[in-house]
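Work through the following exercises with the sequence and the structure at hand. Try each task before reading its solution.

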Amino acid sequence: MLEIIDLSKKYNSRVIIEKFSICMKEKKFYFLLGKNGAGKTSFFKCILNLEGYEGTILYENKPFDSYNDKVFAIYDDTPLYTNLTGNQNIKIFTDKTNFKNMHNSLITIDLNKKVKYYSYGEKKKLSIIIAILLKPKFLIIDEISNGLDYDCIKWLQKNLKLVFKDSTIIGSGHQFDFYDNLIDEILVINNHHIEKLPNTNDRKELRMIYEENFS
């Protein structure tokens, strides 16, 4: 179980997140819902230990940053080695070379080409391939469907929970129909506070929840 205790984040005197606590169960998909600029990316960077914060993040009663090798993130700026090829990136991140059975909608990129020549969508696909091979304990995804072609989006929507069935997923995005049938828990970030919504059998669509909280 991932425990976040009194997490607070500021940039100088500007408060982004104020004292958020939660226990996240394993193998669940937690979705962070909020406007642009509300602090979603800052929240992810705190979990990834890419930025400083106040509070405590634990896994199995140990500092979460000691489990960096069990965490992978897919977002717009996922760090890849741009002067290396797709194949070389896969080898470095996963130490694997056999990925011939990867779904066709992903293997549409030239893995022998240097990543600096990849399009935005091709970089996203490479990140997804790496994540599938890594099978991380924790997967953080931010706007994962952005930049992908239709076939890949439909495959990912159908298979995301299956491919990462052993991962705890923490994600966000604005293509709400992509996520509606995937998520288990909803976190709303608004006015510096994060609130977990009750999980009910008749939960509304993300679009409706967003409109109720932000319109």
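**Exercise 1.** Find where Glu 211 and Arg 207 lie, and state how many residues apart they are.

Solution. Step 1: both residues belong to helix H6 (residues 206–214); helices (H or I, at least four residues) and strands (E, at least two) are DSSP runs, numbered from the N terminus. Step 2: Glu 211 and Arg 207 are four residues apart, about one turn of the helix. Step 3: an α-helix has 3.6 residues a turn, so residues three or four places apart point the same way. Step 4: the two side chains meet in a salt bridge at 3.7 Å, N to O; a salt bridge is a side-chain nitrogen of Lys or Arg within 4 Å of a carboxyl oxygen of Asp or Glu. Step 5: Glu 211 has a relative accessible area of 39% and is partly exposed, and Arg 207, with 40%, is partly exposed. Here buried means under 20% relative accessible area, exposed over 50%, and partly exposed in between (1.4 Å probe, protein chains only).

The model is predicted: local features need pLDDT of at least 70, side-chain atom pairs count only at pLDDT 80 or more, and totals for chains, interfaces and linings use all residues. Residues are numbered from 1 along each chain as its sequence is written, and side-chain values use heavy atoms, with hydrogens and water left out.

**Exercise 2.** Determine how many salt bridges the count comes to, and which parts the pair Lys 9 and Glu 51 ties together.

Solution. Step 1: the count comes to 12 salt bridges. Step 2: one of them joins the side chains of Lys 9 and Glu 51, at 3.2 Å from N to O. Step 3: Lys 9 is in strand S1 (residues 2–11) and Glu 51 is in the loop between helix H1 (40–47) and strand S4 (54–59), so this pair ties together parts 42 residues apart in sequence. Step 4: both Lys 9 and Glu 51 are buried.

**Exercise 3.** Give the strand order of the open sheet of four strands, and explain why one side of S2 and of S5 is left without a neighbour.

Solution. Step 1: the order is S2-S1-S4-S5, with antiparallel pairing; two strands pair if DSSP finds at least two bridges between them. Step 2: S2 (14–24) and S5 (62–63) stand at the edges and each has a single partner strand, so one side of each lacks a neighbour in the sheet. Step 3: S4 and S5 run antiparallel and are joined by two bridges, and Tyr 59 stands opposite Lys 62 in S5.

**Exercise 4.** Locate the turn between S9 and S10.

Solution. Step 1: four bridges join S9 (residues 185–190) to S10 (residues 193–196), and these strands run antiparallel. Step 2: Asn 190 stands opposite His 193 in S10. Step 3: the two strands form a hairpin with two residues between them, and Asn 191 in the turn has a positive phi of about 50°.

**Exercise 5.** State how many disulfides the count comes to.

Solution. Step 1: a disulfide is a pair of cysteine sulfur atoms within 2.5 Å. Step 2: the count comes to zero. Step 3: Cys 23 is in no disulfide, as the nearest cysteine sulfur, that of Cys 46, is 18 Å away.
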